[in-house]
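This report covers one protein chain. It goes from overall form to single residues.

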Amino acid sequence: MSTMKIKKGDMVKVIAGAEKDKEGKVLSVNQKDGTVLVEGVNMLTKHAKPSMANQNGGIIHQEGPINISNVMYLHNGKATRVGFKMDGDKKVRVAKSTGEVIDK
């Protein structure tokens with residue numbers, strides 16, 4: 001697969017699905033499956049048994065994966081597509097709506 005346009009730490013907006021119009025920070029990107037974990041979006045409930053790491057066990061709320069095609073990069077508070085261009089000898093990400101370089 002080619003280079004991912006969304007990276008860990010980016011602010012994104014969900015554009016499709018049950019969580020549509022929610023915004024959050026990308027916690028992780030799974031390039032193999034083409035999914036992302038977004039902070040506070042697609043919350044799942046997991047029941048955990050007591051263990052050495054979690055003495056009490058109980059119900060744990062955590063983010064579930066979302067397909068990367070269902071999120072859009074947020075640039076200056078607006079959702080925009082992401083492209084690439086060469087800046088000298090370095091490949092950088094560019095916001096399509098403004099033409100500004102995202103990565104410095």
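The text below takes the fold first, then the surface and two local sites.

The model is predicted. The protein has zero helices and ten strands. From the N terminus on, the order of elements reads β-β-β-β-β-β-β-β-β-β.

How does the radius of gyration of the protein stand against that of a compact globule of 104 residues? The protein has 17 Å, whereas such a globule would be near 13 Å. Along the principal axes, the C-alpha atoms fill a box of roughly 55 × 30 × 25 Å.

| Quantity | Value |
|---|---|
| Residues of the protein that count as buried | 27% of 104 residues |
| Contacts with a separation of 6 or more that join residues 24 or more positions apart | 38% of those contacts |

Histidine 75 is found in strand β7, which spans residues 71-75. Is histidine 75 buried or exposed? Histidine 75 counts as buried because its relative accessibility is 12%, and the cut-off for buried is under 20%. Leaving out residues up to four places away in sequence, histidine 75 touches Thr80, Ala95, Thr98 and Glu100.

Last, the aromatic rings. How many aromatic pairs are there? The count comes to zero. A charge does sit over one ring: lysine 91 lies over the face of phenylalanine 84. The distance from lysine 91 to the ring centre of phenylalanine 84 is 4.6 Å.

Methods. Residues are numbered from 1 along each chain as its sequence is written. This is a predicted model: local features need pLDDT of at least 70, side-chain atom pairs count only at pLDDT 80 or more; totals for chains, interfaces and linings use all residues. Side-chain values use heavy atoms; hydrogens and water are left out. Rings of Phe, Tyr and Trp (its six-membered ring) pair if their centres lie within 6.5 Å; planes under 30 degrees apart count as stacked, over 60 as edge-to-face and the rest as tilted. A charge sits over a ring if NZ of Lys or CZ of Arg is within 6 Å of the ring centre and within 35 degrees of the ring normal. Helices (H or I, at least four residues) and strands (E, at least two) are DSSP runs, numbered from the N terminus. The radius of gyration is taken over C-alpha atoms; the globule rule is 2.2 Å times the number of residues to the power 0.38. Buried means under 20% relative accessible area, exposed over 50%, partly exposed in between (1.4 Å probe, protein chains only). Contact means heavy atoms within 4.5 Å.
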